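Here are my notebook entries from a first look around. Join me with the model open beside you.

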Amino acid sequence: MAKEAFNVLWLQSGGCGGCSMSLLCADTADFRGQLRQAGIHLLWHPSLSLETAQEALEVIQSCLSGQTPLHALCIEGSILRGPEGTGRFHLLAGTQEPMLAWVQRLSAMAQHVVAIGTCAAFGGITAAGSNPTDACGLQYEGDQPGGLLGRDWRSRSGLPVINVAGCPTHPGWVLETLAALADPQSLSADQLDALGRPRFYSDQLVHHGCTRNEFYEYKASAEAPGDLGCMMENMGCKGTQAHADCNIRLWNGEGSCVRGGYACISCTEPGFEEPGHRFDQTPKVAGIPIGLPTDMHKAWFVALASLSKSATPKRVKLNATSSHVVVAPMIKKTRLK
């Protein structure tokens, strides 16, 4: 007997659509084929589907009636609750009903609910500043449980909202999450971290696999954009704190923010959009960066940094503040004698 297709309905709320754009950069020439291979049937996606708006509404109504099983509801973008809790800042086209009402009804029918991107997970950039649209995540408002569905909400599978956080998300995180959900029992509650993110990527740090780790170890720091050195001390990089596998699971098979010369801004974390300082600067207190590596005590960091800087090879020190390698590694015989 053929296995039942895993039906996915994808809606976009208050966001830029960047997660969908990222999804199309999945490491395959056949995106649809990758979905088929995992047994995933995309019922509708606002950018990728051929159905008209009226046909899309028919698909949604079929899910609400139970005629079409809704296995995963994916929401991209934050939920706009304004003005004054009515949600009428964002109406689903052709319905004159707030998107938040549709999301609430569909969430009650879905086997799983997946927040695609940091906006849908925590509010993200849409909720920054004075938040005039009263934007929030599906089950979080920043780092506080709540959001649209509430702290205690659970889907029909018994799981909370699965937060595939990132701005944007890596296509692999999305596809692996959906594939795991399509395979019964492959994604359980203990495989989600404390913020509801799949642990297969959130148990890693962006720091893991960073090509600048030699500079980090010696605390040989970049001083200007384009320098090769570690960007943590001066350039605002939060790779030692950000939960993601960006430097292990490369983007488009070859890149990441830090490999492209940009500091990690910790976009998988709630509140990343308002760090309280410029993204390209590292605030310090008494010369010590305020954002220390995860699990490292300040005193240990100071001691380690002092020792590392005193032992920094000339090659590493000179290359750190250059845009290219100015001193190559020494050639040395390695045969055992």
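Is H170 buried or exposed? I looked it up: H170 is buried, with a relative accessible area of 3%. Buried means under 20% relative accessible area, exposed over 50%, and partly exposed in between (1.4 Å probe, protein chains only).

Before going on, I noted that this is a predicted model, where local features need pLDDT of at least 70 and side-chain atom pairs count only at pLDDT 80 or more, while totals for chains, interfaces and linings use all residues. Residues are numbered from 1 along each chain as its sequence is written, and side-chain values use heavy atoms, with hydrogens and water left out.

**Entry: H170.** I found H170 in the loop between β11 and α6. Helices (H or I, at least four residues) and strands (E, at least two) are DSSP runs, numbered from the N terminus. A polar atom of the H170 side chain lies 2.8 Å from the backbone nitrogen of G172. I then listed its contacts (heavy atoms within 4.5 Å). Setting aside neighbours within four places in sequence, H170 touches S22, R249, L250 and W251.

**Entry: H45.** Next I turned to H45, in the loop between β2 (40–44) and α3 (53–65). H45 is buried too, at a relative accessible area of 0%. Its side chain reaches the backbone nitrogen of S47 at 2.9 Å, and a polar atom of that side chain lies 3.3 Å from the backbone nitrogen of L48. Beyond neighbours within four places in sequence, I noted contacts of H45 with W10, Q12, S20 and E76.

**Entry: the sheet.** I followed β2 into an open sheet of five parallel strands, in the order β2-β1-β3-β7-β11. Two strands pair if DSSP finds at least two bridges between them. β2 and β11 (162–164) each have a single partner strand, so one side of each is left without a neighbour in the sheet. Four bridges join β1 (residues 6–12) to β2, and I saw V8 opposite L42 in β2.

**Entry: the cores.** A nonpolar core is a set of buried Ala, Val, Leu, Ile, Met, Phe, Trp, Tyr and Cys residues joined through side-chain atoms within 4.5 Å. I found that the largest one has 74 residues, with L9, L11, L73 and L106 making the most contacts inside it. Helix α6 (residues 171–182) gives the largest share of this core, seven residues. Another core lies apart from it, with ten residues, among them F215, C230, L292 and A320.

Conventions:
A polar contact is a pair of N or O atoms within 3.5 Å; within protein, one must be able to donate a hydrogen and the other to accept it, and residues adjacent in sequence count only if both atoms are side-chain atoms.
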